[in-house]
Protein chains: 2
Amino acid sequence: MNIDAIRAAALRIKGHARRTPLLSSPFLDEIAGRRVLVKPECLQHTGSFKFRGGWSAVSNLDDAARKTGVIAFSSGNHAQGVALAAASHGTTAVIIMPEDAPTLKIANTKALGAEVILYNRHTTDRDALGDEVARDRGLTLIKPFDNADVIAGQGTVGLEIAEDAKAMGITHADVAVCCGGGGLTSGIALALQADAPDMVVRPVEPAGFDDVARSLVSGQIEKNASQAGSICDAIMTQQAGNMTFPIMKSLCGAGIVVSDDDALRAMGHAFERLKLVAEPGGAVALAAALFHPDTLTQDTVIAVISGGNVDASMFARALATLQ
Amino acid sequence: MNIDAIRAAALRIKGHARRTPLLSSPFLDEIAGRRVLVKPECLQHTGSFKFRGGWSAVSNLDDAARKTGVIAFSSGNHAQGVALAAASHGTTAVIIMPEDAPTLKIANTKALGAEVILYNRHTTDRDALGDEVARDRGLTLIKPFDNADVIAGQGTVGLEIAEDAKAMGITHADVAVCCGGGGLTSGIALALQADAPDMVVRPVEPAGFDDVARSLVSGQIEKNASQAGSICDAIMTQQAGNMTFPIMKSLCGAGIVVSDDDALRAMGHAFERLKLVAEPGGAVALAAALFHPDTLTQDTVIAVISGGNVDASMFARALATLQ
């Protein structure tokens, strides 16, 4: 896993993923006490950066594998990213989802062209079911983060950050990244090591799901005690991956932990000052930038808003923080 | 007023205004029954396209006039656009606002560097006050739409639409534009006449404020009967301008009228499918694209979301349309 893989993914993605800009607002700068730049991956196709990894993986399959199709486990952003990437390549995506997933998410994943297989969380072994379907139909599994092509795809976010910041004369920055399994974080870290070596990636997690922050301290992969209890559903991953953690350990600065309330308040500011819709797990990096200034080390902070797939009732909670 | 003025404004604006993309969602295409592309000017600096016109006007003043400063009447998006443009040029913007304008809007306009002069709507003649201040201090008045430099600045939206659509292979489209006084609409129409002559601009207005639609039918400037009663505050202009109407009469297709409920529903879809915050008056063009398919004539509709400056309580009403 190296920068060449990310540059190759960038070539495959060009013209397919959206080239998101770096946004700013003087009002956010004032809150943070430093310059704040925002990379709005909520504007990416399917509403999150996951489309990049999905496209990178599907586009790098050999012809036979791509023709047969892919399979993924997800009820969230990875499902939609893989579904649209596969459909755009004219191939099949099978997505294994729990049958109690929100009706809208199931409908959206189907509408993006995927074949959805539902399972009962209580009576079915998800991995066994996935293995069986993959084996029977010859499908290629696309894991959500511990996959070199996926990390390479997410790393294209870092190439764009480096390029756009350089054009603005910015070489030094904390780069705050919403962190679940570490695919986005490790990909960005690799890209910046090559193209903006004076920037330091700061993984950001919600309280109670700070396994990466703890892992960076202990030097080994730590797990979260719980699998539920935050509103930041997109990044409530139990632990970092065997591929992603060594990269983060080698390249990232200390992790930052924010509360769910911080995430909601950051969503409110993204609404008011940037006209963007962020989901809770996609807003934790902006929350770190705005509300945890003492944890940052540079005059500029670049915060990735990683996704915007949030329902109206949760967004209303974020709006309520503005009043 | 011609295409050369728009191209000159584009050169002055380059690197200062945000270059907004064309966004899309397969879900919006399905609702509309045709291809839908969205130009998100809510992502522009100050949250609306008005920054373009403000920058265009301030940057085109001669040195002496620019040094002295500018003045504008506005409690809305034009105020913020002019304020930031003037501040960025290191000059003064005086904004005349009613003293009962929302506290937040007054605070924002000041925070963007403007000097705000408040007046009592009931006891003070706004125009006389403005004339007096302008004369005493030698300030240049920047009107919100009936000003050649302002129209030229707004027209840069049209140059970008033409360029990006062409790159996607699209030459024919209805281009739906949120229309108040007609600065944005006439500017885009001039730009498209030159760079995408097979596209037709369709002014979109809220019910009760359809003066442009009626004017295009009668061939002369019609007025709205009321000055209040819609949630689309950004485009509740009493009548089109003496500069903007002849351009619209010559170049635009028929106007489209949408309800306030249509605008709220369009805001909901922009939230859910594009992760964008639109204000009611900024959402009427998307409302026309999604909910009034029979009024459109082409296989593609390009809708400009002209602004996103909406407060949380109004946005909550838009979210409620999704449930």
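This is a predicted model: local features need pLDDT of at least 70, side-chain atom pairs count only at pLDDT 80 or more; totals for chains, interfaces and linings use all residues.
Q: Contact means heavy atoms within 4.5 Å. By that rule, which residues of H8(A) meet which residues of H9(A)?
A: On the H8(A) side they are Ile151(A), Gln154(A), Gly155(A), Val157(A), Gly158(A), Leu159(A), Ile161(A) and Ala162(A), and on the H9(A) side Gly183(A), Leu184(A), Ser186(A), Gly187(A), Ile188(A), Ala191(A), Leu192(A) and Asp195(A). By class, the residues of this contact are 9 nonpolar, 6 polar and 1 charged. Here Ala, Val, Leu, Ile, Met, Phe, Trp, Tyr, Cys and Pro count as nonpolar, Asp, Glu, Lys and Arg as charged, and the others, Gly among them, as polar.

Q: Why are H8(A) and H9(A) called oblique to each other?
A: The axes of H8 (residues 148-167) and H9 (residues 183-195) of chain A cross at roughly 45° and come within 7 Å. Angles under 35 degrees count as roughly parallel, over 145 as roughly antiparallel, 65 to 115 as roughly perpendicular and the rest as oblique. H8(A) and H9(A) are therefore oblique. The axes are lines fitted to C-alpha atoms, for helices over the stretch in contact, with angles from 0 to 180 degrees between N-to-C directions. Helices (H or I, at least four residues) and strands (E, at least two) are DSSP runs, numbered from the N terminus.

Q: What is the handedness of the crossing where H8(A) passes H9(A)?
A: H8(A) passes H9(A) in a right-handed crossing. That term applies if the near helix is turned clockwise from the far one by less than a right angle, and left-handed if anticlockwise.

Q: What makes H12(A) roughly perpendicular to H13(A)?
A: In chain A, helix H12 (residues 260-274) and helix H13 (residues 280-291) pack at about 85°, with axes 7 Å apart. That angle makes H12(A) roughly perpendicular to H13(A). H12(A) contributes residues including Ala263(A), Met267(A) and Ala270(A), and H13(A) residues including Val284(A), Leu286(A) and Leu290(A). The residues of this contact divide into 11 nonpolar, 1 polar and 2 charged.

Q: How do you know that Thr185(A) is buried?
A: Buried means under 20% relative accessible area, exposed over 50% and partly exposed in between (1.4 Å probe, protein chains only). Thr185(A) has 0% relative accessibility, so it counts as buried. Thr185(A) is in helix H9 of chain A. Leaving out residues up to four places away in sequence, Thr185(A) touches Val177(A), Cys178(A), Cys179(A), Val201(A), Pro203(A), Met248(A) and Cys252(A).

Q: Why does Thr20(A) count as buried?
A: Its relative accessible area is 2%, so Thr20(A) is buried. Thr20(A) lies in the loop between H1 and helix H2 (26-32) of chain A. Pro40(A) is 20 residues from Thr20(A) in sequence, yet their C-alpha atoms are 6.3 Å apart.

Q: What makes helix H3 of chain A mostly covered?
A: In H3 (residues 50-59), 10 of its 10 residues are buried. Among them are Phe51(A), Arg52(A) and Trp55(A). The buried residues of H3(A) pack against helix H1 (3-13), strand S1 (35-40), helix H4 (63-68), strand S2 (70-73), helix H5 (77-88) and H8 of chain A.

Q: Are Thr46(B) and Lys275(B) buried or exposed?
A: Thr46(B) has a relative accessible area of 14%, so it is buried. Lys275(B), at 5% relative accessibility, also counts as buried. Thr46(B) has a positive phi, near 65°, and sits in the loop between strand S1 (35-40) and helix H3 (50-59) of chain B. Lys275(B) has a positive phi too, near 60°, and lies in the loop between helix H12 (260-274) and helix H13 (280-291) of chain B.

Q: Which residues have the most contacts inside the largest nonpolar core?
A: They are Leu276(A), Leu286(A), Phe315(A), Leu276(B), Leu286(B) and Phe315(B), in a core of 88 residues. A nonpolar core is a set of buried Ala, Val, Leu, Ile, Met, Phe, Trp, Tyr and Cys residues joined through side-chain atoms within 4.5 Å. Beyond its neighbours within four places in sequence, Leu276(B) has contacts including Leu43(A), Val277(A), Leu23(B) and Ile305(B).

Notes: Residues are numbered from 1 along each chain as its sequence is written. Chains are lettered from A and ligands numbered from 1 in the order in which they are written. Side-chain values use heavy atoms; hydrogens and water are left out.
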